[in-house]
Amino acid sequence: MLNEIIQTIPQVLIDGLTLGTVYAVIALGYTMVYGILELINFAHGEIFMTGAFIGTTLLLLFTGIGWISALPAIVMLLTVLIITAVLTGLLGMGIERLAYRPLRHAPRLIPLITAIGISFVLQDIVRFIAELSKGSYIVTGPNLFTNQLLLKTSSISSIFNDASIKASFVIVLVTAVVMMIGLDIFVNRTKWGMAMRAVAQDRETASLMTVNVNKVIAITFFIGSALGGATGVLFAVQYGTIDPYIGFILGLKAFTAAVLGGIGNIRGAMLGGLLLGVLEMFASANLTLLTGGVFGAEYKDVFAFAILITVLLFKPEGLLGKPATEKV
Amino acid sequence: MPILEVQNLTKKFGGLTATQEVSMTVEKSSITAVIGPNGAGKTTFFNMITGIYQPTSGIILLENEKINGLKPHDVSKAGISRTFQNIRLFNQMSVLENVLVGMHTHLKAGLLGILFNLPVIRKEEKEAEMHAYHLLDYVGLADLLNEKATNLSYGAQRRLEIARALAANPKVLLLDEPAAGMNPKETKDLTELIHRMRQEFNLTVILIEHDMKLVMEISEHIVVLDHGVKIAEGKPEDIRNNPKVIEAYLGSGAVQAG
Amino acid sequence: MKKIWKKYEHNKLAHGIFLLIYIGVTSLSLYLAQKSVTAFLLLLSSLLLLYYTKFTNLTKWLVAGIVLVFLLPFTASHGDAYQSYMEVSTLVGIYIAMALGLNIVVGMAGLLDLGFVAFFAVGAYTYSIFASSQASHFMPFGTFPLSGESFWIFIVIGCLVAALFGILLGIPVLRVKGDYLAIVTLGFGEIIRIIFNNLDRPVNITNGAMGIPSVTPPRLFGIDFLYPSQFYFIVLVILLITIFTVRRFEHSKIGRSWKAVRENEIAAQSMGIPLVRTKLLAFAIGASFSGMMGVVFAAKQAFVDPTSFTLLESFTILVMVVLGGMGSVPGVILGASVMTILNLQVLSELTNWLNQLSLSGIISIPYALSPAKMQRLIFGAILITFALYRPQGLIPAKNRRFDEKELQRLNRKAISENKKIEQKGV
C-alpha cells in the first residue's frame, strides 16, 4: 500500500500545488479583509468566480477577433489578467462601500448576513448574463497552453511514477507566485502597506495618526479582490470549465487555508493554501486506499472541513498567527 | 476573618507581565480599594478573580476554598459578582430583564418545568420579578424597568450593572471603576449606595477607582498596584502619605521636590 | 379621515366586524373561485390582520384555530386545486417550524448557523430508513419497513435524534469563536449532506444519491395518510406545539440566558450563565423542531434524497428569520410564510404567466430571466436590504413588558411588612 502511495506522490504534489496556489491567492483576500475589519467576506469566493467569468469572456472575445494568432498567448493572458484584476478590484471596493461600510458599527451578525446576500446576488447575476449570452451557465473557455509535459520523476528514483504537467500549470504557478511576492512587498515595503498594517493593529489610533482609514480599507478590498479575480482567470485557464457556483465551496476552502495559516497573516495564508491544496489532493488520491475502500475521493471536501474544524479547535491562531486574548 | 485571600498572583500575556506576585487579604464586610496608575494591572487582577483569565501562577481562596481554575460562571456561583469598567449590559434587553439574568444561578427552573409551565416555576418567576424590582428600586431605577438597557444614561447604566451584580446575591462584590464618567452628584449618590449595600447585604466590596476623593472616603483598606506589582497597602491615611505611592502617581521627581 | 382612523384604532368591535367581513369575503371568494390563488393568499393573510387587532391572546388563538382548522380546508376543498393549496399550506407549516428553530439559534442566542438544514435531513432520514426496506440492509434483526403506526413515535424519535445531533455537532463547534461559527456550521451542513450522499457503502444505510423510495405513509386507526390535505393537520398540530414551546422558553430563565449570551458573552458568564451549555441547549432545541418536521416531510414526500437538503435550503431558512425579524416569534412566522409562498406560489405563478405572455407573442422573456430561477437574486436582495435598512425585520422582536403598577404595589407592601417586623423585633 505504501508503495502505491509513494508512486503517486509526484503527481499528487503537482496537482496539489496547482490547486494550492489557487487557494493561497484567494486566501490572501480573506486574510487581508479579516486582518483589517475582522469580517469574513463571504462574497470573496464570488469575486473569484466573477473574475473567472470576466476572464473567460475576454479570452473568448480575443480569440474570436483573431488576436490569438497575432499575439503570443502569454501576452494575451497577461492583458486579460490585468483587465480582470482591475474590474474585480473595483467590484470589491464597490461591495465594501455599499454593503460593509454602513454596517461597521452594527452587531457582528449583520455584516455577515449582507455578505451572504452579496454572494447570492453575484451568483445569480453572473448566471443570468452567462445564460442570456451563451444559453447555458456552464461556460468553457478557449483551450490555451494545453501541451502536456511529462515529468520523468521515475528517473529520480524508481519508486515514483512519472507525473504529467499541463503547460498552464507552470503559468498558474508563476503568475500566482509573482502576485504573492508583489503583495508581500507592497504590504511590507510601501507607505500604503504600512498604513494597512497600522489600521489592522488599531483602527482608532491609526486614524489619530492621520491615516485615512476608509481609504486604507477600500484599498485593501481592491487589492484582495483584484488578486481573487485574477486567480479566477488562472483557474479558468487551468481547469477549462466554470459555472457561477464554483466560488462558494472554493471560497470556503480558501478560507480554511487562511485559518490554517493564521488568519490576518499574509504569509500564513500562502502557506495554508499550498498545504491545503496538497493535503486535499493527497486525500482524494489515497483516501480509498488508506481506508480500504470505505471512504472514497468524494469525501475530500469532508476532509478539508475536518482540517478547518480541527485547526479552529486546537490551534485557532493557525500555523503562523499569534494567539489573541479578548480585551475585557 | 478574611473572606478572600489572594496569594502570589501572576499573569503573563506572552512576554508581558500584567501582574506579578500580588498578594492581598480582604476582610469580611470590608470595603477595599485597588488603586494605581493606568496599566497597573488592576482590571487583569479582577479578571483573574472572576475566572475570565486564568492566572499564570498563584492561588485565590474564597472562604478558604480555592477558586482559581473555575470557569467564570462557577466563580459567580461561588459568590463573587462584578461590574465592568467598560459597561457590559445586555443592551437590547429591558432593565428588569437585565436584573433577572443576574439571578440566573438562584432560579431552579429546569427544561421540563418551563415547558409545562409548572406552578412552582410560575411562582418562582413571580418572586424573581418582585426581587428584581426591589433591587431596581434600591438603586433608583424602578421607573425605568421596561426600558431597553441601551437607552439609559451613563450613570444609570452603571447603577444597573450594580443592581444586576447584586441580584446574584454575592458574598463579594467587585466594582470596576464604578464612578467613571459620573458627575459629582452622581458620585456622591454612589458613595452612599455602596455604604448602604455593605450594611444591608452584609457585603464585602472591592473596587477599582481613580476618583481619589471617593476612594479615601469610602475604603477601609487600600492596595496600590504599579506595573503589575503591589507597591503599598494600608489604611487610607497611610496610603495618602506613602512616598512610593506619590512617586508612582506623579513620577520620581515629585517626592524630592515636595 | 384621521379622526375616523383614530376611533377605529381603539374600537375592538370595529376590529371584530372588519375582520369577520374580511374573512367572510375572502373565504367566500375562495369557495366560489377555486382556482384563485389570490383568494387563497388573502384568506391566509387574515391571520396577519388578526395579529394586529387588539383582542386578547385567547381570542386571537381561537379565531386563528377556526380559520386554519375549519375554514381554510373547507373553502378550498371544492376544486381541483385543493391538494395543491393544502400542499402549500403544509410546506408553509413545515418551514415555519424550522424557521422558529433557527430563530432560537440565530435570533435569540445570536449564533449564526448556516448548516441548519442538516437537522431536517437527520429527521427525514431517521424515518425513511426504518419506514422503508432500507433498514433491512444493515439491521441484524427486525422486519422492515415498519408499519405506518410507528410514524407517531418517530416524530418523537426524530425530535430526539436531531437534538442529539445538535449536541454532538455543537460540542466541538460551539467552542469556536464568533464569526468562525458561521463557517464551521456551513462546513458541517455540507459534511452531513456529503455523508448521506455517499453512505451507500461500505454498508448501505442511506442508499446514497439514489435516495430512499417508497417510505411508508403514516397510519392512524386504519387510515393511511396519503394526501397533503391529511398531512396538513399533522403539521398544524406539531406547529402548535413548537409555537407554544418557543413562547414558553422565550420568557423563561433559559430564554433570558440565550439573549444574555447573544448580547454580551463575558457579562453573561460573569452572571453565572454557563456559556457552552446554554449554546448547546439552543442548538439542541432548535434542531429538534427541524427533526420533527423532517420526519413529517419524509412521510409526505414518501421519498428522500440528499438534493432536498442543500446549502440553499439552509440559507432559505435564514432568509425567513432575517426577513421576519431575528428573535421575534410572530415575525419569523410571517417571514417563513412569505418566503415559502413566494417560492412555491408567487414565483411559479409569475413564471407561468410570463410564459403564457411569451407564447402568445405579447412580450418575449428570455428563459434565463424566468422568476422561478431568480431565487438566489431575490434571497440575496432581501438579505442585503434588510440587513442594511431594517435589521430588526418585518415584525421586530419585543421585550416582555412587566406590569409596573403591580410590581410597585407588591414592593411597597413587602417593604412595609418588613418594617413592621423590624419594629416588632425592636
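Colleague: Which residues of H6(A) meet H1(A)?

Modeller: Keep in mind that this is a predicted model, where local features need pLDDT of at least 70, side-chain atom pairs count only at pLDDT 80 or more, and totals for chains, interfaces and linings use all residues. Residues are numbered from 1 along each chain as its sequence is written, chains are lettered from A and ligands numbered from 1 in the order written, and side-chain values use heavy atoms, leaving out hydrogens and water. Helices are DSSP runs (H or I, at least four residues) numbered from the N terminus, and contact means heavy atoms within 4.5 Å. From H1(A) come A:Ile14, A:Leu17, A:Thr18, A:Thr21, A:Ala24, A:Val25, A:Leu28 and A:Met32, and they meet A:Phe169, A:Val172, A:Leu173, A:Ala176, A:Met179, A:Met180 and A:Leu183.

Colleague: How many nonpolar residues are in the contact of H1(A) with H6(A)?

Modeller: Ala, Val, Leu, Ile, Met, Phe, Trp, Tyr, Cys and Pro count as nonpolar, Asp, Glu, Lys and Arg as charged, and the others, Gly among them, as polar. Here there are two polar and no charged residues, and the nonpolar ones number 13.

Colleague: At what angle do H1(A) and H6(A) pack?

Modeller: Axes are lines fitted to C-alpha atoms over the stretch in contact, with angles from 0 to 180 degrees between N-to-C directions. For H1 (residues 2-37) and H6 (residues 167-189) of chain A, the axes lie 10 Å apart and the angle is about 30°. Angles under 35 degrees count as roughly parallel, so H1(A) is roughly parallel to H6(A).

Colleague: How far apart are the axes of H2(A) and H5(A)?

Modeller: H2 (residues 44-64) and H5 (residues 109-134) of chain A pack at about 20°. That is why H2(A) is roughly parallel to H5(A). Their axes are 9 Å apart.

Colleague: What area do chain C and chain B bury between them?

Modeller: Buried area is the accessible area (1.4 Å probe) that two parts lose on being put together, summed over both. In contact are 36 residues of chain C and 41 of chain B. Carbon and sulfur atoms carry 62% of the buried area, which is about 3,800 Å².

Colleague: Which residue of chain B forms a salt bridge with C:Arg400?

Modeller: A salt bridge is a side-chain nitrogen of Lys or Arg within 4 Å of a carboxyl oxygen of Asp or Glu, and two are counted between chain C and chain B. In this one the closest N and O atoms of C:Arg400 and B:Glu129 are 3.1 Å apart. C:Arg400 lies in the loop between H15 (375-389) and H16 (404-425) of chain C, and its partner sits in H5 (residues 119-139) of chain B, so the pair joins two chains. The partner is B:Glu129.

Notes
Angles under 35 degrees count as roughly parallel, over 145 as roughly antiparallel, 65 to 115 as roughly perpendicular and the rest as oblique.
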